[in-house]
Amino acid sequence: MKRRKVASMLALAVLSALVERPMHPYEMAVVLRERGKDEDMEIKWGSLYTVVRNLARHELIEQVGTQRDGRRPERTVYRLTAAGRAELLDWIRELIAWPTAEHPRFRAGLSVLAVLHPDEATALLRDRLTRLREGIAAAGAALARHRREVPRLFLIEAEYDMAIRVAEADWIEALLAGLETGTFPGLADWRAFQERQPPGGTA
């Protein structure tokens, strides 16, 4: 993966917003929030002005003027530079074309699941599955509403999120089937190991 001059995902969001028109940082934040960009990528809003300054320092954006609304402080308006547009396009191409290891918290939990008693693990997975199914139903209803008003091109990230959630739910369902019917390989050994442990957890 290429080393970015400003690597924060917030920088990607800012560059993409400035494709449309020049904006001052406050307007960038409003536009990005309205579009739910903080649901699409990890964004720390408190870093916005730092990210904007860093993008300007690396000449990926540039000041194009100032704007004052009433008695509010004067705001600096920025626009995308040719270098910024090239950076944005290159970054998007990399994100789309190259799978990378992303470390979901669920995977981390699964990697140490053997520390729990299989009965507790099964109950927790059942709880997660219930929450996942509820989330899928809510997200599916929202997606159906948006499809009536928004072109599909601007909903594909929501479709992807839905596909991932459904795949996870289906996988957990299959895992639970093995645990609950006793057909999960090694379940007896796992149970026996846990039942040799002192009360309150493993030694």
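Which helix gives the most to the lining of the second largest pocket? Helix H7 does, with six residues. The legends below describe close-up views of a predicted model.

**View A. Lining of the second largest pocket in the predicted model.** The space in this pocket comes to about 210 Å³. Two helices, H6 (105-111) and H7 (118-147), each supply at least two residues of the lining. H7 gives the most, with six residues. The lining includes Phe106, Gly109, Leu110, Val112, Leu113 and Leu116. By class, eight of the lining residues are nonpolar, one is polar and three are charged.

**View B. Packing of helix H1 against helix H5.** H1 spans residues 9-18 and H5 spans residues 82-97. The two helices pack at an angle of about 120 degrees, and their axes lie 10 Å apart. H1 and H5 are therefore oblique to each other. The crossing of H1 past H5 is left-handed. On the H1 side, the contact is made by Met9, Ala11, Leu12, Leu15 and Ser16. On the H5 side, the residues are Gly84, Glu87, Leu88, Trp91, Ile92 and Leu95. This contact of H1 with H5 has eight nonpolar residues, two polar residues and one charged residue.

**View C. Packing of helix H1 against helix H4.** H4 covers residues 48-57, and its axis is 10 Å from that of H1. The angle between the two helices is about 70 degrees, which makes H1 roughly perpendicular to H4. H1 passes H4 in a right-handed crossing. H1 contributes Leu10, Ala11, Val14 and Leu15 to the contact, while H4 contributes Leu48, Val51 and Leu55. The contact of H1 with H4 consists of seven nonpolar residues, with no polar and no charged ones. Ala11 and Leu15 of H1 take part here and also in the contact with H5.

**View D. Packing of helix H7 against helix H9.** H9 runs over residues 187-195. H7 and H9 pack at an angle of about 115 degrees, with 9 Å between their axes. The two helices are therefore roughly perpendicular to each other. Pro118, Asp119 and Ala121 of H7 meet Leu187, Trp190, Arg191 and Gln194 of H9. Sorted by class, the contact of H7 with H9 has four nonpolar residues, one polar residue and two charged residues.

Technical notes. Residues are numbered from 1 along each chain as its sequence is written. This is a predicted model: local features need pLDDT of at least 70, side-chain atom pairs count only at pLDDT 80 or more; totals for chains, interfaces and linings use all residues. Side-chain values use heavy atoms; hydrogens and water are left out. Axes are lines fitted to C-alpha atoms, for helices over the stretch in contact, and angles run from 0 to 180 degrees between N-to-C directions. Helices (H or I, at least four residues) and strands (E, at least two) are DSSP runs, numbered from the N terminus. Angles under 35 degrees count as roughly parallel, over 145 as roughly antiparallel, 65 to 115 as roughly perpendicular and the rest as oblique. A crossing is left-handed if the near helix is turned anticlockwise from the far one by less than a right angle, and right-handed if clockwise. Contact means heavy atoms within 4.5 Å. Ala, Val, Leu, Ile, Met, Phe, Trp, Tyr, Cys and Pro count as nonpolar, Asp, Glu, Lys and Arg as charged, and the others, Gly among them, as polar. On a 1 Å grid over the protein atoms alone, a cavity is a set of points where a 1.4 Å probe fits but cannot get out, and a pocket is an open set with protein on both sides within 12 Å along at least five of seven lines; lining residues have an atom within 4 Å of a point. Grid points are joined across faces, edges and corners, and a volume is the space filled by probe spheres set on the points.
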